[in-house]
Amino acid sequence: MDNLISKKLLQKCPVCGENYNHSKVKLLEANDSYILSYFKCQKCETGVAMKAVFMPTGMIGQAVITDLEADEIMRFKNNNESITSSDVLYMYDFMKQGEDVLKEIK
Ligand SMILES: [Zn+2]
């Protein structure tokens, strides 16, 4: 189910337009209210992190183009011990950049 949602939200590379090979989708994190997944374009190698949040009215999806690899994203998320203010700022920017590709799925 989680990968299905990812497929709905993101079908083509936002950079080069190549259709995604969805077998390459990496599911990074999932729970009842939220999923985070990662795609890497097989053509131009652009990484896209995709976050979907389940709302009472539907689902909000946010895709962010990133040059981070999937494991680097997880390191950001899980590295609570030695997180610095610049890391927080970086993560904040990272999440904010997605606004122009905001999609809503009912
Ligand atoms: Zn591409």
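Two strands pair if DSSP finds at least two bridges between them; this is the sense in which pairing is used in the legends below, which describe a predicted model.

**View 1. Overall arrangement of the chain.** The secondary structure comprises 3 helices and 5 strands. Along the sequence these elements follow the order α-β-β-β-β-α-α-β. Among contacts with a separation of 6 or more, 50% join residues 24 or more positions apart. Of the 106 residues, 18% count as buried.

**View 2. The hairpin of S1 and S2.** Strand S1 (residues 26-31) pairs with S2 in the antiparallel sense, over 5 bridges. The two strands form a hairpin with 2 residues between them. Asn31 has Tyr34 in S2 as its bridge partner.

**View 3. The hairpin of S2 and S3.** S2 also pairs with S3, here over 7 bridges and in the antiparallel sense. In this hairpin 6 residues lie between the strands, and Glu45 in the turn has a positive phi of about 65°. Phe39 stands opposite Val48 in S3. S2 is mostly covered, with 5 of its 7 residues buried.

**View 4. The largest nonpolar core.** In soluble globular proteins, nonpolar side chains tend to be buried together. The largest nonpolar core here has 16 residues, of which Leu9, Leu10, Phe39, Val48, Ala49, Met50 and Ala63 touch the most other members. Strands S2 (34-40), S3 (47-55) and S4 (58-66) are the elements that each give two or more residues to this core.

**View 5. The surroundings of Ala49.** Apart from its neighbours within four places in sequence, Ala49 is in contact with Leu36, Tyr38, Val64, Thr66 and Ile73. Ala49 is also one of the core residues that touch the most other members.

Key: Residues are numbered from 1 along each chain as its sequence is written. This is a predicted model: local features need pLDDT of at least 70, side-chain atom pairs count only at pLDDT 80 or more; totals for chains, interfaces and linings use all residues. A nonpolar core is a set of buried Ala, Val, Leu, Ile, Met, Phe, Trp, Tyr and Cys residues joined through C-beta atoms within 7 Å. A residue is buried if 20 or more other C-beta atoms lie within 10 Å of its own, exposed if 12 or fewer, and partly exposed in between; C-beta atoms are placed from the backbone. Helices (H or I, at least four residues) and strands (E, at least two) are DSSP runs, numbered from the N terminus. Two residues are in contact if their C-beta atoms, placed from the backbone, lie within 7 Å.
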